[in-house]
Amino acid sequence: MIAFGPVPSRRLGRSLGINNIPPKVCTYSCVYCQLGRTIKMQVERRAFYQPEEILKEVGEKVERAREVGESIDYLTFVPDGEPTLDINLGREIELLRPLGIKIAVITNASLIGREDVRESLMKADWVSLKVDAVQEDVWRRINRPHRTLQLASILDGMLEFAKAYGGKPRCGELATETMLVEGVNDSDSHLEEVADFLAQLRPAGAYLSIPTRPPAEKWVQPPSEKVINRAYQFLDKRIDQVEYLIGYEGNAFAFTGNIEEDLLSITAVHPMREGAVRKFLSQAETDWPVVHKLIAQGQLIKTEYEGKWFYVRRLR
Ligand code: SF4
């Protein structure tokens, strides 16, 4: 199926997914990939489907959604492989424009060193780049790239794209996504380097995720909450908007009035400092027992970073 959804997405609202690549054709074979090991690894861009066929399928889905009054905020290229391998990506975005819906692309950025790939991505309204690693050995271990790919060219390509993307007349919104895997890319020194690199990209939002679905390799584990919190703090020092993307439908800004649910929703998106929790409790005219209960139930964890206490959602 080329078009699926619309499905709710925290980053994109209601998103209609576009699968412009056949299953598991990718430039990477990430150890955490929820689709399993890559079946067909390639780096050559080529045509997979006719752009008109994609337009037809997406157009029909949009029409059906409109008939039943379902809104769509984004048309999102999020295939079971790497979307920029599709040589027609730019043309497809152009063909979809008349539908009048914003267009997003979620890419692993492995081909962004190429000018034609950057040109395709420039046409989208929202682009998410994968930045799991900025050190060669870590990158090879986590993303297991095609043997011809070069990390330096990818990082340079991202910087070049980020500079041009924010500066074009109709500004695009840049996001990044970093998957954390225990013992692979979660050392302090590596996370500091990732944070420094992300700061240079100046994304509108930087997202941290952890493997929440069965990974390609059984040994893959998310880091502890303490480490995830440290990663968050490293990024938060350098980037305006940092959030977790961990599979919970957390929304830090929608309060239900149910204190427990609201605390879990907020901490699903970012850690809370002790002072922020105190303020939250006082605004809700309640006290610490509710927090202690969530800790006793194992839903919330108290963890320390640089002498300060943070409350984080249990993620593992
Ligand atoms: S880039 Fe995405 S699709 Fe490709 S192997 Fe990694 S997680 Fe899977």
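The model is predicted: local features need pLDDT of at least 70, side-chain atom pairs count only at pLDDT 80 or more, and totals for chains, interfaces and linings use all residues. Residues are numbered from 1 along each chain as its sequence is written, and side-chain values use heavy atoms, with hydrogens and water left out. Helices (H or I, at least four residues) and strands (E, at least two) are DSSP runs, numbered from the N terminus.

**The sheet of 8 strands**

- An open sheet with mixed pairing has the strand order S1-S2-S5-S6-S7-S8-S9-S10; two strands pair if DSSP finds at least two bridges between them.
- Its edges are strand S1 (3-9) and strand S10 (242-245), each of which pairs on one side only.
- Between neighbouring strands of this sheet the average turn is 25°, direction ignored.
- Strand S8 (residues 173-179) and strand S9 (residues 205-209) run parallel and are joined by 5 bridges. Within S9, Ala206 is the residue opposite Thr176.
- Helix H1 (residues 51-67) lies across S1, strand S2 (13-18) and strand S5 (74-77), and runs at about 50° to S1. For such angles, axes are lines fitted to C-alpha atoms, for helices over the stretch in contact, and the angles run from 0 to 180 degrees between N-to-C directions.

**The sheet of 3 strands**

- A further open sheet consists of 3 strands in the order S11-S13-S12, with antiparallel pairing.
- Strand S11 (272-273) and strand S12 (300-305) are the edge strands, and each pairs on one side only.
- S11 pairs with strand S13 (residues 308-313) over 2 bridges in the antiparallel sense. Met272 has Tyr311 of S13 as its bridge partner, while Arg273 stands opposite Phe310 in S13.
- Helix H7 (residues 225-236) packs on this sheet and touches S12 and S13, its direction making about 55° with that of S12. Contact means heavy atoms within 4.5 Å.
- Helix H8 (residues 259-269) also packs on the sheet, where it touches S11, S12 and S13; its direction makes about 105° with that of S13.
- S12 and S13 run antiparallel and are joined by 6 bridges; here Ile301 stands opposite Val312 in S13.
- A hairpin is formed by S12 and S13, with 2 residues between them, and Glu306 in the turn has a positive phi of about 50°.

**The largest pocket**

- The largest pocket holds about 1400 Å³ of space. A pocket is an open set of points on a 1 Å grid over the protein atoms alone, where a 1.4 Å probe fits, with protein on both sides within 12 Å along at least five of seven lines. Grid points are joined across faces, edges and corners, and the volume is the space filled by probe spheres set on the points.
- The pocket is lined by 45 residues, of which Arg11, Gln34, Val78, Glu177 and Arg213 are the closest to its centre; lining residues have an atom within 4 Å of a point.
- At least two lining residues come from each of S1, S2, strand S6 (102-107), strand S7 (126-130) and S8. S1 gives the most, with 4 residues.
- The lining divides into 21 nonpolar, 14 polar and 10 charged residues. Ala, Val, Leu, Ile, Met, Phe, Trp, Tyr, Cys and Pro count as nonpolar, Asp, Glu, Lys and Arg as charged, and the others, Gly among them, as polar.

**Ser29**

- Ser29 is placed in the loop between strand S3 (25-26) and strand S4 (40-41).
- Ser29 has a relative accessible area of 9% and is therefore buried; buried means under 20% relative accessible area, exposed over 50%, and partly exposed in between (1.4 Å probe, protein chains only).
- Not counting residues up to four places away in sequence, Ser29 touches Arg37, Thr38, Met41, Asn143 and Arg144.
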